[in-house]
Amino acid sequence: MDVNFRKIDIDQYDEDALLDSELYEADPRDPAQALNEVKQKAAAVRSSLSKGDVVGALTLVLEDAPYGPNVEEAKGYYAYIQNLNLQTLVSILNSTKATEIPGVVKALSTDAQDTLMKYLYKGMALPGWGDVSGSVLLGWHEKLTEIAGTGCISLTHITSFLDPPDLLALGRTCKQLHAHVTDDNTWRRAYVYQYLGITPESDLRDDAGDKTLMLRREESTWKKEFVMRYNLRRRWKYSRNTAITHIPHHSAVSTMHLMPNTTLLAASLQYGVVSRSFPLTGKILRGFLDATGTANGLGIGNPNAEFSPHVSAVALTSEGGTAKILWGYRNGEVAVTTAVRIMDSNRASAARMIRCRLGDCHEGSVECVAWDRSMDGSSLFVTASADGRVKLWDSKQSLRCLWTSNRGTSLVPDPCVKLAVNLQQGVIAAALRSGSVLVWTGFPSLYADVTDAAVPQPREARIPAPSNPVTAGSSPYENVPLEISDLCISPQREPLSLLVAYRSSPQFQRFTWSPTSNAFERTPYGDEAVAPIRVVLPVWASRQDENSFIIAGDELGTIHIFAWDVAPPQPIESKGTSPIYSFTAHEDGAITALAWNPVVLVSGSSRGTITVWDALNFVSLRTLSSPAARPATGAEWDCVSHILLERDTLIASVGSRVTAWKAGPVGRSGMHGKGRAVRGTRANGTAKWQQQMEMHREIAESRREVEEEQTHTRRTFGRHREQLSTLEHLGLSEVEAVEYVLMLSRDEEEARWRHAAESSAFREDEGVFMADFDDIPTPMATPSGMFGSESSSAISSRTSSFSGTSSSGAGTSVFQGGRVLPRAMPSTSNHKIQVSPRFRPEPIEAGPSVSSAPNRSAGASASSSVGVPPPPVSDIDQFPAFSRTPSSASVSGSGGTGTSVPSTPASSVKGSISGSPQSVRSAWSTPLRSLHSSEAPSPSRLGVGASPTLSLTRSLSGALAGVNLSGHGDNGGELAFGDEDDEDLRFAIELSLAEARSRGEDV
C-alpha cells in the first residue's frame, strides 16, 4: 500500500490557511547586519553580567530580537542567528538566582516580557540543546506568568485573530482568560489587526504609519468600538433587504438633504420645486414646496401645475424638523422658504417665504447659493451671480443683505461658479469661471446679534488661475482650459487652507495662506500621468487625535486616498503629492459621487452602479445595480449624482430616481435557513395594533390618491382616446375626418337653403328692421347749414322722389344665405338719409356650394325667385355694367337727377360685371382720380369760414344730395345699393382731399 500521499502538505492547497508572511512582517535587516548586532549584544551582555546588572543585560538581548522568513534559502542562516541570540539569553537566565527572578521580571517593559515569553517557549521546543535547562525555563515561566499574565504576548497574538463573539466566548472559560479578554488592549490589538493590518508585534506609535489615517473612534472603549463596527459591517455585507426606488419629481434631482428619521428633501431646478418623501418606504408627500410661494406644500404634487421655471440655484438645510430652502432666480432675486414640521404627513406644512428687497437684488442671474454650516442653527448664507459679485445675507427675521463685494475692474463680468463659506473663521471664497478664486477674510462674528452688526469690511485676496499642469504630449487634456469643479475651506483656523479641484485635470490644489509672503502658497495633489479627477470628497478631522484626508475618484474608476496635512514636495513644480492608497472601484465608468462615514465608503459610477466598501481596509461589501431604465441605443446611462449616508442607510440619486437601502439585522454566524434570523430586542415604542392601523390608513390613502389620479386621467384623456379609436375604426385620419364633417355640413346647408327658398314665397322673416323706426322724425341742428347752399326744398324733392321710387319695392324680399331679408323701408323724414348695411352672414357654419348672390333688382318681386336658382352673373339685365371710374355728380332741379354712369362697351361687359372676380371690388381698392385745380371745390362753395369738420360734413351732404337714390342712372341701368354706397363714400373722401389741397396741405 502506497502511503506517499501522507507526506503531502495539504495546507498549501487551503486558501484559508495562514501563512508566515501573514503572521508577521519580515525583518528589514539583512542577515549579515543581524549577525553583527547579535555578536555585539553578546559582548555587551557579558560586560553587564560581570557588573551584576541582570536587568540591563536582559533588556539588551530582548531589544530588537532577530526574526526572519521561514524559507529554505535563509532558514539555516536565520536559525543560526536566532539560536546565537537564544544562547546569550540562556546564559543570563542560568546566571540569575531564583529569588531575583520576580524583581527582574517586574523591571522589564511589557514588550520585553512578551519577547521573553517567546524565547522561553522556543527554548522548551529545543530540549537538550546547548545549555538549555528545562527546570530553569519553567521557573522563569512561572514567575513571568504570575506577573505578566497567562500566555503574555503569545495569547495576545492568538486573540488578535478572533472576532468579538469568539473573544467573548473565550472570556467565559476561566479566570485567567477572562482577565485577558477584559483588558481593553486585547480588543485594541484585535481591532487594528483585523481592520488596519497592524500585526500584534508592531508598535502602534511607530509602525502604524499611514494605516491609521482614516481611523475614527466613536465609542469610549475599544471593546465597544470593535463590537459596533463588527455588527455594522456584517449588516452592510449580509443584510437581505431590498433597495426601494421612488421618483420624487419627474426631472433630474439637483440636490438632496436628509432630514431626521430618514426623511428626504429633493430639489429640482428644472421645475423649481422641492419634494418631500420617505425613501425607505417610497412614499411621497403630496404637494411641492415651490419657488413662487403660492402652494408651499398645499398642492396635489403635480409638477405641471406647481412649478417655477425661473429658478437658477437652490440650497437645502434644516434645523431639527424645520427645513430651510434657499432660492436663487434668473432675475437676480433671492428668497428663503422656512417650513416648520415639514415631514408631518398628518398636517399641512406651515411654510413661509420671504423675498429680498428690490434694491438688494443681484444685477445678473444668481448662479450659486450656499448656507453657512460652520455653526448649528445659522441663519446666514451667501449668494453669487453672473455679474461676479457676492452677497452675504441674514434670514433670521427678514431677508437682509449684510455685505456686497466690489465690482471687478474688467468690463466683461466674470461669473461665479462655486461658493464656500465658513463664517466661524470669517472666510468667504468664490470660484470664477475663468479659474481664479476670490477670498474674503476678516468677517466679524455675526452670530451674536446680526441686527446690530456693522457693515463688514473684509480683506480681499485673489488666487490667479493656474496653468494646466499636464505636460505637453502626455495627455489629451493638455489644452483643455481649467474650470473649477469643487471649492472647500478647511475648518482649521491656522493656517487658512483652501481645496480647489479642476475639471479635466489629474491634480487638485491646496492653497495655504502664508503671513510671511502675504499670499497663498500652492500644493498640488496627484500625478500628472493618471486620469483626470472627476469628484473630490474632503474628510476633515474633528478631534485632536484624528487626521484629515481627501478621497478622489477619477475618470477610469479608481479611488485615491490623500493625506491632507503633509509636507509639499520639493520643488513644488516637480510633481504632486502621491496618494497613500489607490484601488480600482468601478470598471464600468468614471466615479461621479462619493460618500464616507467611519464604517463604509460608498462610490457611484457614471453608469448608475453603487458599490459599498469597508472604510478602513476597502473590502467590497455590497454592489447595487442602477435603478434607472436601460437607455436607448446610442444614449448614455444616468450617472449617480448624489449619495447620502447614515449609520446604516444609503440614499443615492440616479437621474430622476432616488434609491434607498437599509442594512437590516442578520442572523448569527453559521446559522442559515428560515426562522434563524435574530429577533430585534429593542422595542420601537409603538404597539402592534397601532402599527397595523397606520399601515391600513396609509394603504387607504395611497389607494385614494391612485383613484383620483386615474379619474383625472380618464376625464382628461378618455374623450381624446375615444375619438382616436373611432377614427381608427373608420380608417380615417384627423384631417380626413374634418374634411368629411365639412362635406356633410355643406350638404345639410344646401338642403336647408333649398327648403327655405321653397317656403319663402308665402312668408317673410319676422324681426325688427331699421325701416320700422323711419316714421319717428330725427331732429337735426341747422339742416340748412348742413347741406351747404342748397335749399331745403331741393332736399325734400330728392327725398320724396327717393321715397316714391322705392316705395314700389317696399314689399320686395331679398334671398341670401338661406334667409329671406326684406329691404329696408325708405325714411319719410327729410332730415337724414339712411342706408341699409350690407348683410354679411357670420362664418360659423359651412354654406351652400351654389352662389347665393342676392337679386338686387328693385323691380323684381319675391315670387320670381321661388324654386328658381339665382341668375347667372353674365345676365346684363340683372347685373348691368358700369365704369369703375365715376363721373362728376350733376345736380338737376327736377326729376330727381342721379349719378351719371357711362356705359361700358360690350367687349368689356364680361370683365366688368358685378359677379366677376374683377368687378367685386370696394371703393377702397379703386385708385382715386386726380383732381385738377379746376375740379377742386373752392372754399366759397363749401362755405367761407367754415371749419374743416363742417366743410367735410357739407361736402358729404352735397355728395349725397347729388346722387339719384332711386337706383336708376341716365343710361337706364340699375346700380346695386352696395356699390352705390361705396361710390358715395369714395366721393366724400375725394372732396375732403380736395379741401385739404386747397388749404395748401401736402396730401
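**Exercise 1.** Leaving aside neighbours within four places in sequence, which residues is Ser-251 in contact with?

*Solution.* This is a predicted model, in which local features need pLDDT of at least 70 and side-chain atom pairs count only at pLDDT 80 or more, while totals for chains, interfaces and linings use all residues. Residues are numbered from 1 along each chain as its sequence is written, and side-chain values use heavy atoms, with hydrogens and water left out.

Step 1. Strands (E, at least two residues) and helices (H or I, at least four) are DSSP runs numbered from the N terminus.

Step 2. Apply the contact criterion, heavy atoms within 4.5 Å. With neighbours within four places in sequence set aside, the partners of Ser-251 are Ser-268, Gln-270, Tyr-271, Gly-655 and Ser-656.

Step 3. Classify Ser-251: it counts as buried because its relative accessibility is 4%. Buried means under 20% relative accessible area, exposed over 50%, and partly exposed in between (1.4 Å probe, protein chains only).

**Exercise 2.** State the strand order of the open sheet that contains S1, and find its edges.

*Solution.* Step 1. Two strands pair if DSSP finds at least two bridges between them. The four strands run in the order S1-S33-S32-S31, with antiparallel pairing.

Step 1. Strands S1 (244-246) and S31 (640-645) are the edges; each has a single partner strand, so one side of each lacks a neighbour in the sheet.

Step 2. For a specific pair, S1 joins strand S33 (residues 657-662) in the antiparallel sense over three bridges. Thr-245 has Thr-659 in S33 as its bridge partner.

**Exercise 3.** Describe strand S27 (residues 591-596) by burial and by pairing.

*Solution.* Step 1. Six of the six residues of S27 are buried, so the strand is largely enclosed by the rest of the structure.

Step 1. S27 pairs with strand S28 (residues 600-605) in the antiparallel sense over five bridges. Ala-593 is bridged to Gly-604 in S28.

Step 2. The two strands, S27 and S28, form a hairpin with three residues between them.

**Exercise 4.** How many disulfides does a search of the whole structure find?

*Solution.* Step 1. A disulfide is a pair of cysteine sulfur atoms within 2.5 Å. The search finds zero.

Step 1. Classify two cysteines by accessibility. Cys-174 counts as partly exposed because its relative accessibility is 35%; Cys-639, at 29%, also counts as partly exposed.
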